[in-house]
Amino acid sequence: MAETVSLNLHDVSQKILDMAPTITTLWLQEIVISMETPLTIPRNFAEKRTVLLARYLVEDVDGDMQAWSLDMGEWLRSQEFPFSSILRTYQLYRNVFWRVLRPELQQWSLAPEEMLYLETQLGKAMDESVFWAVYHFEQMINQELVQKEETISYLHNDKLTMLGKIAANMAHELRNPLCAIEGFLKLIAESTQGQDKLQSYIQVVMHEFENLHRQITGFLSFSKKPILDEVYKTVEIGQVLYDVELLITPRLVGENIRFEKHIEPCTLHCYEEGLKQVLVNLLNNAIDAVQTRTNKSIRVISHCEGGWLRLIVENNGEMIPAEIVENLFQPFFTTKQNGTGIGLSICKNIIEKHNGTISCESTEESTRFIVRLPFSGDRLPAFG
């Protein structure tokens, strides 16, 4: 097409170069007038764009156009301008450019095909500069997102590492004295046979001892060291839930909470104490969640399908905001005044060691914690 145009492109290129200062001044003024977000572009950056457009008519400036777009994009990103504002500046430039150039071209009495050629070539150059600017801006944004994700992952792993170290220390500091306490409790129980009142006291102490042992074992799930008593066995989910219900019944009765179970029979190969730890934690959280309700209600539902057990712990407490739901299972995240933020993260750790998943859904009507566990197929490896 270039051969059919009689217009001297070098003359047009020079004319645009001569008008570059005027175009730049008007562009910067238009930005100040039209932009809601204050945006001041350095004049050397702004004027170079017009220079590149002029050169585009007579030489290959693709490399220079990319370099300018990169420099411009980096500067705009460093100023943290919104992407919409950046695109708006390019739109304003196009309007100013043609408002200045068209009257000059009309004085040359150009033929329609010559005018079309110029508009096509210059429009292509403008589009190229916008493309490269958007491309480089997008690359910078993606790089920042990757860096943020790496930082978040590092901090998360750092928390887990710290929990592991604390857990290992707890194993040394707490489990030895607890074993001694358990041994003496058993001796006392044997030596007080027939003393019903004393035996009932011992049973209460043993019950609380087992609960404490379960809490410590759950916390130790963060430790990378093997824990000898974490052994898998086949259990019936209904029996597990019955045992857990016994533990929370005093709270359910004392706080007048309606408790429902809809359990589909199912056998599961799991670490029983770990699964009980998860259920006790979820149910205690559910009890805490319904405190503000007049009619307090908690339901446990289990359903087996396709080799998976789906276990739901549901309460009618207040809705949990979406931004909180996203962070519920993160270590040390808590919304409770005296919470530690490790209960749900322990639950997640235990469930994932069973090759399962745990999630939360919350609406105005109810909040549900959903546990999915495999109940058929190959046996799982020993815990730890």
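At what angle do the axes of helix H2 and H4 cross, and within what distance do they come? That is where I will start, after a word on the model.

This is a predicted model, in which local features need pLDDT of at least 70 and side-chain atom pairs count only at pLDDT 80 or more, while totals for chains, interfaces and linings use all residues. Residues are numbered from 1 along each chain as its sequence is written, and side-chain values use heavy atoms, with hydrogens and water left out.

On terms: helices (H or I, at least four residues) and strands (E, at least two) are DSSP runs, numbered from the N terminus. Axes are lines fitted to C-alpha atoms, for helices over the stretch in contact, and angles run from 0 to 180 degrees between N-to-C directions.

Now the helix pairs. The axes of H2, residues 43–56, and H4 cross at roughly 60° and come within 12 Å. H2 and H4 are therefore oblique to each other; angles under 35 degrees count as roughly parallel, over 145 as roughly antiparallel, 65 to 115 as roughly perpendicular and the rest as oblique. The crossing of H2 past H4 is right-handed, a crossing being left-handed if the near helix is turned anticlockwise from the far one by less than a right angle, and right-handed if clockwise.

H4, residues 83–106, also packs with H1, residues 9–34, at an angle of about 135° and with the axes 8 Å apart. H1 and H4 are therefore oblique, and H1 passes H4 in a right-handed crossing. Helix H1 contains Ile-16. Is Ile-16 buried or exposed? Ile-16 is buried, at a relative accessible area of 0%; buried means under 20% relative accessible area, exposed over 50%, partly exposed in between, with a 1.4 Å probe and protein chains only. Between Ile-16 and Leu-101 there are 7.5 Å, C-alpha to C-alpha, although they are 85 residues apart along the chain.

Val-130 belongs to helix H5, residues 112–191, and is partly exposed at 21% relative accessibility.

Next, helix H3. Buried in H3 are Met-65, Trp-68, Ser-69, Met-72, Gly-73, Trp-75 and Leu-76. Seen down the axis of H3, the buried residues fall within an arc of 165°, so they line one face of the helix. The arc is that of the directions from the helix axis to the C-beta atoms.

Then backbone angles. Just after H3, Glu-80 takes a positive phi of about 60°. Asn-256 is not a glycine either, yet has a positive phi of about 55°. Asn-256 sits in the loop between H7 and strand S2, 258–262, and is exposed at 64% relative accessibility. Asn-355, also not a glycine, has a positive phi of about 65°. The loop holding Asn-355 runs between helix H10 (343–353) and strand S6 (357–362), and Asn-355 is partly exposed, with a relative accessible area of 49%.

Last, the cysteines. How many disulfides are there? The count comes to 0 disulfides, where a disulfide is a pair of cysteine sulfur atoms within 2.5 Å. Cys-304 is buried, with a relative accessible area of 13%. For Cys-270 the closest cysteine sulfur is again in Cys-266, at 9.8 Å, too far for a bond. Cys-270 is buried as well, at 1% relative accessibility.
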